[in-house]
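The tour goes from one selection to the next.

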Amino acid sequence: MKIKELTTEKEWLDAYQVMRQLRTHLDAFDYLDLVKEAVEVERYHLAALYEGEKIVAVTGFKPMTTLYYGRFVWVCDLVTDEHSRSKGYGEQLLNFVHQWAENHQFESVALSSGLHRHSAHRFYEEKMGYSKASYVLKKTW
């Protein structure tokens, strides 16, 4: 097992096969376009966990500063390939993000999780020690 930050378009596209399992609304073109913009504008980082040469889990995260949280890292995406779940890969990637945040002097890590993802909520709260801090609300037009 190894975890690697992905920094090239080829690596980002290699991660798409796993990421699309979470972000089902994105085709490869839109995904790549959004990753490029997020990296350039939002300081987004994409990291993958490899089993041999195969990507089996992916996380996207970005450092942020707000008055509410202070200096923190926001986990935008965390997904394990459907054929590789329940092997601790999500935990390894989230621990990678925690270490990245600590190494770069960020105070905490935060994320949101869809209301229907009850098993993910248990994972974050019971296994990873997260607590509910707020509701995330969205308005679309």
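**Stop one: Asp-77 and its surroundings**

Select Asp-77 in this predicted model, then show what touches Asp-77 beyond its neighbours within four places in sequence: Met-19, Leu-22, Arg-23, Tyr-44, Val-58, Thr-59 and Gly-60. Asp-77 itself is found in strand β4.

Is Asp-77 buried or exposed? Its relative accessibility is 9%, and buried means under 20%, so Asp-77 counts as buried.

Now show side chains and pick out two residues from the contact list, Arg-23 and Tyr-44. The side chain of Arg-23 makes a polar contact of 2.8 Å with the side chain of Asp-77. The side chain of Tyr-44 is joined to that of Asp-77 by a polar contact of 2.5 Å.

**Stop two: the largest pocket**

Rolling a probe the size of a water molecule over the atoms shows where empty space is left. The largest pocket has a volume of about 1100 Å³.

To find this pocket, select Leu-111, Ser-112, Ser-113, Ser-134 and Val-136, the lining residues that lie nearest its centre. How many residues line the largest pocket? The lining has 30 residues.

Next, colour the elements that give two or more residues to this lining: β4 (70-80), β5 (108-111) and α4 (118-127). Strand β4, where Asp-77 is found, gives the most to the lining, with five residues.

Last, colour the lining by residue type: 16 residues are nonpolar, eight are polar and six are charged.

Note on methods:
Residues numbered from 1 in each chain as written. Predicted model: local features only at pLDDT ≥ 70, side-chain atom pairs only at ≥ 80, totals over all residues. Heavy atoms only, no water. 1 Å grid on protein atoms, 1.4 Å probe; cavity = no way out; pocket = protein on both sides within 12 Å on 5 of 7 lines; lining within 4 Å. Points joined across faces, edges and corners; volume = space filled by probe spheres on them. Helix = DSSP H or I, 4+ residues; strand = E, 2+ residues; numbered from the N terminus. Nonpolar A, V, L, I, M, F, W, Y, C, P; charged D, E, K, R; others polar. Buried < 20%, exposed > 50% of the residue type's maximum accessible area, 1.4 Å probe, protein only. Polar contact = N/O pair within 3.5 Å; in protein donor to acceptor, adjacent residues only side chain to side chain. Contact = heavy atoms within 4.5 Å.
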